[in-house]
Amino acid sequence: MRCVCPSRALRRQTACMLSEQFLKLLKSMTSCSVVPKPPVRRVAIFGGTHGNELSGIFLVKHWQENGAEIQRAGMEVKPFLTNPRAVKKCTRYIDCDLNRVFDPDNLGQTVVEDIPYEVRRAQEINHIFGPKGSDDAYDLIFDLHNTTANMGGTLILENSRDDFTIQMCHYIKNALAPERVPVLLIEHPNLKYATTRSVAKHPVGVEVGPQPQGVVRADILDKMRKIVKHGLDFVHLFNEGKEFPPCTIEVYKIMEKVDYPRNKNDEVIAIIHPKLQDQDWQPLNNGDPLFLTLDGEVIAYKGDCTVYPTFINEAAYYEKKQAFVKTIKMELTAEHIRSSVVDQNTS
């Protein structure tokens with residue numbers, strides 16, 4: 001029988017004790033690194049912010065009649081038609097763009113007889129789902145849009161520091177893989193959008209295309225439907241206490257809006273070059289063709305760095321003097337999160 005000297009046995013026992021203590025410490029450190037976030041109980045799904053973008057309109061109307069598909073335990077999900085007059089006329093807006101008037105000036109404007117319809121409607125929406133920036137505002141709003149540009153199923157974020165929405169995008173992207181789900185970050189010091197969804201604590205835009213205005217395509221509607229489904233699944237899992245470890249996602253951060261070339265009468269004199277058309281999210285380098293004049297002249301991109309254009313040749317943006325937007329690639333990281341309800345239940 002082999003004898004083990006006391007010193008060796010003691011060393012082995014000490015090592016085991018230290019290992020156990022290390023594991024406990026590691027578990028404690030991991031637990032402390034989790035950031036508790038308030039549960040997301042009130043969710044709205046907006047359709048018809050623009051009355052000729054039909055995928056969201058069709059889905060919201062369907063869910064208003066039969067909402068079983070979007071309901072999840074422990075949360076209220078409200079489908080809502082944001083611009084009914086524009087929807088009825090199948091036009092983008094009546095007086096002005098509803099998706100640009102959720103700023104303090106318009107939301108606080110005195111209601112008079114000749115106030116633009118969309119400004120009055122914005123105040124009504126803010127009253128129902130806000131007030132914007134308050135604790136009483138809805139937790140999350142999905143705002144459903146279509147684009148004529150070849151953007152696929154895009155998620156739009158407004159805040160690079162919102163761990164919850166970053167985690168949601170990460171979940172949706174993984175759920176839909178290998179299908180691509182680009183994420184557009186519209187946070188910019190000089191470009192202020194004042195979107196309809198900005199009423200919520202967590203605003204998320206869903207932009208799906210290409211689809212012509214006033215038309216609904218089954219494949220585009222299905223893509224939008226799946227994005228909403230997985231987004232709601234994420235919220236449900238989060239509310240139930242599932243932890244989401246730190247994650248990193250690739251996003252396209254908006255840098256600049258680019259107009260069409262114009263003459264002295266402010267008329268467009270060149271169109272999107274065929275090599276740029278439908279190339280949303282693809283790299284654009286110095287010397288690559290941008291525009292083509294009717295005389296056949298190619299106008300090339302001049303820039304020091306690679307950019308990634310999107311909203312290329314969007315029909316609704318001709319009036320906004322926007323041929324496309326330039327973006328750059330960057331990464332956003334979200335912390336390890338879980339619902340604070342878990343902590344309340346275990347305290």
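Buried means under 20% relative accessible area, exposed means over 50%, and partly exposed lies in between, with a 1.4 Å probe and protein chains only. This is a predicted model, in which local features need pLDDT of at least 70 and side-chain atom pairs count only at pLDDT 80 or more, while totals for chains, interfaces and linings use all residues. Residues are numbered from 1 along each chain as its sequence is written, and side-chain values use heavy atoms, with hydrogens and water left out.

## Salt bridges

A salt bridge here is a side-chain nitrogen of Lys or Arg within 4 Å of a carboxyl oxygen of Asp or Glu. The structure holds 20 of them. Helices (H or I, at least four residues) and strands (E, at least two) are DSSP runs, numbered from the N terminus.

Asp 233 lies in helix α7 and Arg 72 in the loop between α2 (54-65) and β3 (76-81), so the pair ties together parts 161 residues apart in sequence. Asp 233 is buried, at 16% relative accessible area. Arg 72 is buried too, at 15%.

Lys 229 is partly exposed, with 38% relative accessibility.

Salt bridges with shared partners also link Glu 53, Arg 92, Asp 97 and Lys 320 into one network.

Glu 179 is partly exposed at 34%. Lys 223 is partly exposed at 24%.

## Nonpolar cores

A nonpolar core is a set of buried Ala, Val, Leu, Ile, Met, Phe, Trp, Tyr and Cys residues joined through side-chain atoms within 4.5 Å. The largest has 47 residues. Those with the most contacts inside this core are Ile 45, Phe 142, Leu 144, Leu 155, Met 168 and Leu 232. Helix α7 (residues 218-239) gives the most to this core: nine residues. A second, separate core has 18 residues, including Cys 96, Leu 98, Phe 129 and Ala 194.

Phe 142 deserves a look. Contact means heavy atoms within 4.5 Å. Beyond its neighbours within four places in sequence, Phe 142 is in contact with residues including Val 43, Ile 45, Met 168, Val 206 and Leu 232.

## Pocket and cavity

On a 1 Å grid over the protein atoms alone, a cavity is a set of points where a 1.4 Å probe fits but cannot get out; a pocket is an open set with protein on both sides within 12 Å along at least five of seven lines; lining residues have an atom within 4 Å of a point.

The largest pocket holds about 250 Å³ of space. Of its 24 lining residues, Arg 100, Tyr 193, Glu 207, Phe 311 and Tyr 317 are the closest to its centre. Strands β4 (140-146) and β8 (247-258) each supply at least two lining residues.

The largest cavity holds about 40 Å³. Its lining includes Asn 52, Glu 53, Thr 147, Gln 211 and Glu 314.

Definitions and conventions. Points joined across faces, edges and corners; volume = space filled by probe spheres on them.
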